[in-house]
Amino acid sequence: MTASYVQVLGFEIDTVNSVQFSNHTGYDHWKGQVLNSDELHELYEGLKLNNVNHYDYVLTGYTRDKSFLAMVVDIVQELKQQNSNLVYVCDPVMGDKWSGEGYMYVPKDLLPVYKNMVVPVADIITPNQFEAELLTDRKIHTEKEAIEVMDMLHNMGPETVVITSSDLQAPSGDDYLIALGSHRKTAADGTTVTQRIRMESPKVDAVFVGTGDLFAAMLLAWTHKHPDNLKVACEKTVSAMQHVLQRTITCAKAQAGEGNKPNSAQLELRMVQSKKDIENPEIIIKATVL
């Protein structure tokens, strides 16, 4: 799914499916396979033997296998030896909060692998609030604490940290969701400069699956086009997201009929219908520089 988002924005990609499922896990049932580390290694060896393992970006998202995750780290490190400018974008998909309670929907043994191996080699990470809390062993109750958590994540390795969603109180009110971003750059004289932003998006009353994939893919694309401007990259990312979600909920409600709650099939993200918004999003969400 993630691959098609960046393809639309003009990137040539090689896709490796960490899982091959009949449908996403937001449905009541799903069937399929989980790729393990040996299978990933075999695919990568094929690319290597043909000398086509040359990349500018690596993007990873949902996986359920800790050996697979450890193999990703080995591959990223090898690719970075070939190209020191390679950017690794990691969406550390582990869980989320429902009604204020955090819940992991991947095996718990993935957490130490993310914390100790994956995040240190990542350049950009896109956790939600719960995932950021898991990675740092710190709870977030205020914007100040969120900034401290982002600084802790910077210290673990990544130059760019975006907390994609949170349950923090938004200045605009309860109908808005807060996302926070931080970009730390080391200047030529060795000093560090950090740019921090906050974004407020209108809440949409539905549970969508795939929004994290979309966010990470859009952020990769827009940070590529605006490498030193996190504010613009995030405004384009979050605005594109908002266009997709609003179109999706409008279509889902129409399909469900008045008074009925849309089901998982009806809430599938309207990606094809949103192609123009992904390619050139009208900026409808502005970021505040903190």
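The count of disulfides comes to zero. Take cysteine 90: the nearest cysteine sulfur belongs to cysteine 234 and is 16 Å away, and since a disulfide needs the two sulfur atoms within 2.5 Å, cysteine 90 is in no disulfide. Bear in mind that this is a predicted model.

Cysteine 251 has 29%, so it counts as partly exposed.

Next, helix α3, residues 66-82. How far apart are its end C-alpha atoms? They are 25 Å apart, and because 17 residues at 1.5 Å a residue should span 24 Å, the two values agree.

Several residues of α3 are buried: Phe68, Leu69, Met71, Val72, Val73, Ile75, Val76 and Leu79. As a reminder, an α-helix has 3.6 residues a turn, so residues three or four places apart point the same way.

Last, the surface. Trp98, Tyr103, Tyr105 and Val207 make up a nonpolar patch there, and together they have about 420 Å² of accessible area. Of these, I will pick out valine 207, which sits in the loop between β10 (192-202) and α7 (211-225). Its relative accessibility is 57%, and because exposed means over 50%, valine 207 counts as exposed.

That is what I have; questions are welcome.

Terms used: Residues are numbered from 1 along each chain as its sequence is written. This is a predicted model: local features need pLDDT of at least 70, side-chain atom pairs count only at pLDDT 80 or more; totals for chains, interfaces and linings use all residues. Side-chain values use heavy atoms; hydrogens and water are left out. Patches are made of residues with over 30% relative accessible area and no salt bridge: like charges are joined within 9 Å, nonpolar side chains (Val, Leu, Ile, Met, Phe, Trp, Tyr) within 5 Å. Accessible areas come from the Shrake-Rupley method with a 1.4 Å probe; for residues, only the protein chains shown count as cover. A salt bridge is a side-chain nitrogen of Lys or Arg within 4 Å of a carboxyl oxygen of Asp or Glu. Helices (H or I, at least four residues) and strands (E, at least two) are DSSP runs, numbered from the N terminus. Buried means under 20% relative accessible area, exposed over 50%, partly exposed in between (1.4 Å probe, protein chains only). The expected span of a helix is 1.5 Å times one less than its number of residues.
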